[in-house]
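Hi,

Here is the model I promised to pass on.

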Amino acid sequence: MTPGALNAIVPMACVTAAGIAAMVAESFREPGEHMPIAGLGLVGLIGAAISAVLLWNHNTSSFGLVSADNFGLFVTLILVCVGVLTLAISGPTIERERLPAGEHYALTLFALAGMMLMATATDLLVIFLALEVLSLAVYVLTGLRRDSPVASEAAFKYFLLGAFSSAFFLYGIAFTYGVTGSTHLDRIGSVIAAGAAQETLMQRLALGLLLVGFAFKVSAVPFHMWTPDAYEGAPSSVTGFMSTGVKAAAFAAFVRVFLSAFEPMRADWGAVLWVVAAATMILGTVVGVVQPNIKRMLAYSSIAHGGYLLVALLSGNDLGKGAVLFYLLTYAVTNLGAFGVIGLLESAGTQPSAISHQPFIPATGHQPPNDQVRDYAGLWHTHPMLAGLMTVFLLSLSGFPPMAGFIAKWYVFTAAMKAGYSGLAIIGVLTSVVSVFFYLRVVVMMYMTEGERPAAFPAVPRMAGLALVVSAIVIFYLGILPARVLDWAAQSIGTIF
Amino acid sequence: MTGSPMLFYLFAAVAVGASLLVIAQRNPVYSVLLLIGSFGALSGLYVLLDAPFVAVIQIIVYAGAIMVLFLFVVMLLNAPHEDTDYDSHVHPLLRPGPMRFGAALALAFGVELVWALTRAGQSGAFAGGAVSSVAQIGHALFTDYAFPFEVTSILILVAMMGAVVLARRD
Amino acid sequence: MQGWLSILIMIALGAGFALISVLLSGVLGPSKPSAEKSAPYECGMPPVGDARERQSVKFYLVAMIFLLFDIEVAFLYPWAMALRGLGWNGFAQVVLFMALLLAGYVYVWRKGALDWGNEKTERARKLRT
């Protein structure tokens, strides 16, 4: 083995090592003892970020199975952002829900390692293993609130449907192997391009099965059913984590598999993906409008954003591929910020002095989770800082001009127009306009409605507050001066496709 | 196939018979035990197909560990007998939700198998390389697939942690 | 196929021994049943109710952990068969694999998932509440 052969896996190895360290630390923690396990995770993530930056432009590859090209490294860096923000905002949620802290952090780190592997893997078998690592960890994280029936139901649904979709994905890999004799993306691509595989029916079957597996993970219509329940049932920090991290990893692999190995079969999957993207954007937006629960609302918003990403993927030109990366980064920062605020406000709800205005209190003795849209009424008066941050995040999600979300959407729709998908671009613009309505509903609630809630907020933890402020600054930076990051995104796709 | 046809028919008959009995039982514990028998017969079929590694894994992992897990889940749920709130004369495709879904899946699987079998003569573009002996599998596993092998250990770790977190009592 | 014949003989011997032992003891032994003798237990509490009562979730947890370590062991089998060809490289891989799972073992042990209600978990529970 030559020195440097392992370089490509260093980022995920750092995160995995941090995860194992967190696990061992947790097992030696005495009950009630506090340990800086989140700090351990932070060290691992910083290591991953440094190694990813050092590997930039080197285009290294390990074992022929993992390729640290710029595309994978860009997604790795997005995932590092996701990880750091998640660690920073999960403190209040963990304390409020009395979640097992060590396990929460360790599983988050393992999931991140799996995501990084999924984004850099160039072999279907490794992509599947990575998918399983991240999925298993996220299923468990979803069900971490063991005393909540909602969380158990969410985890159970997510697990059953997820296992089912993994089986589809694995079946697709098996068929692909049967047709092309390889699970390696390069070889699959060359066999399909050469037309050597005569079994076109098998080939289409393989393609369809893989498509189902990916569509489930990115919660595209009609495989989105699990999303609202899972997002509502999971603890807020976990919801933020899974909505951004899983999406980033799944889209990275989606782009890699479909725009390299299966690019010759575009005629077969293009039309299907067109319909899926349109349905995803429309359904996510329309159903999102009527959601009274803010987590469910953001779940449908997340489905709609998946639709925009699918448009970028379908465009398939350089602009579109760059747009996927930029969009993922923007979405990660924005959505995690929004869930960070939700997590903090949920924590506020458990203060003994906070009298619930809801008509009933569940028999478990828990306060209602404080996650309805109307719970945000009058937030501006009680906590102007959080209300301001939430406004930034929501406006960026809807794609308002000075924020990052606008540039990301604009980039996606330009790519779609250039690639000749003007129909999709029009649907995208229309649904964006409609979506403004439901994001603004919350904003209006915060500023213009009198709240019935007494102002009993705990102090915002310093880490979480800092993370939220930094996210907001990044959103403005990406929205006003996007050129540099767009350049990086364009550079990273140049290396592989 | 190197084994005698008689052995094949013996194992196949046991596998099919045990599988039919699995779904015919009203008592889920008996179903689980019969499923072990079915797995054992399948393992014999794998031996006849010159796949000793799969045969051994079938016994160690499936008939051993996974069926123990099934048995404990059945005992945990404590469902001594299946509820039969539907008329057993109704066609399986018309029965309530899960039954209908299962029947539909079985139907799809049947069609698929028939399709595969009728085309068995024509081989695809790829003829599978004959990796059969355990030593060859070991060699491939620890050279070409060394990295996926190590990733598997992380997968097992996550599963372990998940089981402890979700099933702990407090 | 030759190698499997011995396994078949082994299975036949094992099953045959069990079968013959039971049959022989039934045929040869004297049979004089009485109420006391046919009771499930000759002494102690009389068994009441269904034998299949609801099992604790701990059984499930132990079965799950057993399954995971079983998979670990299943991976060692092909390594053992290909040991000579793989050399130290293969050995290093297996050591890494085992070391990673050892961390899991430590976790499972320390978390008390393997304890069966002894004082350590009781103490942990008391501290937690």
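At roughly what angle do the axes of α4(A) and α5(A) cross, and within what distance do they come? The crossing is at roughly 155 degrees, and the axes come within 8 Å. Here axes are lines fitted to C-alpha atoms, for helices over the stretch in contact, and angles run from 0 to 180 degrees between N-to-C directions. That angle makes α4(A) roughly antiparallel to α5(A) (angles over 145 degrees count as roughly antiparallel, under 35 as roughly parallel, 65 to 115 as roughly perpendicular and the rest as oblique).

Some housekeeping before the rest. This is a predicted model, in which local features need pLDDT of at least 70 and side-chain atom pairs count only at pLDDT 80 or more, while totals for chains, interfaces and linings use all residues. Residues are numbered from 1 along each chain as its sequence is written, and chains are lettered from A and ligands numbered from 1 in the order in which they are written.

Back to that helix pair. The crossing of α4(A) and α5(A) is left-handed (the near helix is turned anticlockwise from the far one by less than a right angle; clockwise would be right-handed). On the α4(A) side the contact includes H104(A), L107(A), F110(A) and M118(A), and on the α5(A) side V126(A), I127(A), L134(A) and L141(A) are among the residues involved. Contact means that the C-beta atoms of two residues, placed from the backbone, lie within 7 Å. By class, this one has 17 nonpolar, three polar and no charged residues. For the classes, Ala, Val, Leu, Ile, Met, Phe, Trp, Tyr, Cys and Pro are nonpolar, Asp, Glu, Lys and Arg are charged, and the others, Gly among them, are polar.

A second pair to look at is α10 (residues 236-261) and α12 (residues 294-315) of chain A, packed at about 15 degrees with axes 11 Å apart. So α10(A) is roughly parallel to α12(A), and their crossing is right-handed. F251(A), F254(A) and F258(A) are among the residues α10(A) brings to the contact, with L309(A) and L313(A) among those from α12(A). The class count there is six nonpolar, four polar and two charged.

Chain A as a whole: its secondary structure comes to 19 helices and two strands, where helices (H or I, at least four residues) and strands (E, at least two) are DSSP runs numbered from the N terminus. The C-alpha trace spans about 70 × 55 × 40 Å along its principal axes. Of the 497 residues in chain A, 61% are buried. Buried means 20 or more other C-beta atoms within 10 Å of the residue's own, exposed means 12 or fewer, and partly exposed is in between, with C-beta atoms placed from the backbone. Among contacts in chain A between residues at least 6 apart in sequence, 80% join residues at least 24 apart.

Now the interfaces. Chain A puts 32 residues in contact with 16 residues of chain B. α1 (10-27), α4 (101-120), α5 (124-142) and α6 (149-180) of chain A each give two or more residues to that side, and α5(A) has the largest share, eight residues.

Last, a few backbone spots. Most residues other than glycine have a negative phi, and most peptide bonds are trans. The V221(A) to P222(A) bond is cis, with omega near 0 degrees, and P222(A) is in the loop between α8 (200-217) and α9 (226-233) of chain A. N59(A), not a glycine, has a positive phi of about 55 degrees; N59(A) is partly exposed, with 15 other C-beta atoms within 10 Å. F63(A) has a positive phi near 60 degrees and is buried, with 20 other C-beta atoms within 10 Å.

Cheers
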